[in-house]
Amino acid sequence: MRRWFGAAACLSALAALSACNSSKDVLEPSAIAPTEQSNALARTEGTDTPPPPATAAEAGAPQNAAQVSAVVARTRVQFAPIVGTPVEAATPLTERLGVQARARGITLAGSTDTSPPGIIMRGYFSAMTEGSDTTVVYVWDVYDPAGTRLHRINGQHKAPSAAGGDGWSAVAASTMQAIADSTIDDLASWLATRSG
C-alpha cells in the first residue's frame, strides 16, 4: 500500500512538471500575477505582509499631498541587481528609475550606503518576440531589510520590435524607460498607502 502511494505521488509530480514545459505559460503575466491561492499561501508562510487595516479615523480621513510626500520621502529604496536583462536593456531602465524616483521624492540608497535601506527592490525580466512585436514581462519583489516580501509589482510592456531584432536585441530604450515610469508610479502609490 505504501509503495502505491509513493508511485502515485511521483506520477502526480511528473504530471505537474510536464505542464510547465511551455515558455508561454511561464512568461504570461497571469503566470506571475499573484492569485488568491498564492496570496493565502504567502500569508500563512509569513512571506507577504499586507498593510495593517486602517483604523476608523484613518479610513475617513483622506491623506493630503504633504502627508503622502512625507511617507514616500522617508522610505529609502535600494534596487538590487536586475535579473534577466543584458546591460544594453538595463542601462536605460536604471537611469530612468533614478530620474523618476528623484522626481517623485523617493530616496534611493546606493549599494555603498552604510545604513540599511527601508526596502529592497529585486527585479526579474524576460523578453519575447512574436511577429513584429516584442513583449517585456517584469516582476519587482519589494522586500524589507530582513528579507520579508512586502509587495509585488508586475506587468508587461509590448512594443514594436526595434531594428528587426529578436528577444532583448529587439527591445528599444523607450520600452525600458516606460517600464521604469510604471514601476516608480506603482511604487510611489504603494508607499503612499503604507502607514507611517
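## Before we start

Residues are numbered from 1 along each chain as its sequence is written. Because this is a predicted model, local features need pLDDT of at least 70 and side-chain atom pairs count only at pLDDT 80 or more, while totals for chains, interfaces and linings use all residues; side-chain values use heavy atoms, with hydrogens and water left out.

## The sheet

Let's begin with the open sheet, whose five strands run in the order 2-1-3-4-5 with mixed pairing. Strands (DSSP runs of E, at least two residues) and helices (runs of H or I, at least four residues) are numbered from the N terminus, and two strands pair if DSSP finds at least two bridges between them. At the edges sit strand 2 (107-108) and strand 5 (149-160), each pairing on one side only.

Further in, strand 1 (residues 76-79) pairs with strand 3 (residues 119-130) in the parallel sense, over three bridges. You can find Val77 opposite Ile119 of strand 3. Helix 8 (residues 173-193) packs on the sheet and touches strand 1, strand 3, strand 4 (133-143) and strand 5; touching, or contact, means heavy atoms within 4.5 Å.

## Two helices that cross

Now look at helix 7 (residues 87-103), whose axis comes within 8 Å of that of helix 8, crossing at roughly 35°. Here the axes are lines fitted to C-alpha atoms over the stretch in contact, and angles run from 0 to 180 degrees between N-to-C directions.

Among the residues that meet are Leu93, Arg96 and Leu97 in helix 7, and Met176, Ile179 and Asp181 in helix 8. The residues of this contact divide into 10 nonpolar, three polar and two charged. In this count, Ala, Val, Leu, Ile, Met, Phe, Trp, Tyr, Cys and Pro are nonpolar, Asp, Glu, Lys and Arg are charged, and the others, Gly among them, are polar.

## The nonpolar core

The largest nonpolar core has 26 residues, and Phe125, Met176 and Leu187 have the most contacts inside it. Such a core is a set of buried Ala, Val, Leu, Ile, Met, Phe, Trp, Tyr and Cys residues joined through side-chain atoms within 4.5 Å. Helix 8 gives the most to this core, with eight residues.

Beyond its neighbours within four places in sequence, Thr85 is in contact with Ala90, Phe125, Trp168 and Met176.

Terms used: Buried means under 20% relative accessible area, exposed over 50%, partly exposed in between (1.4 Å probe, protein chains only).
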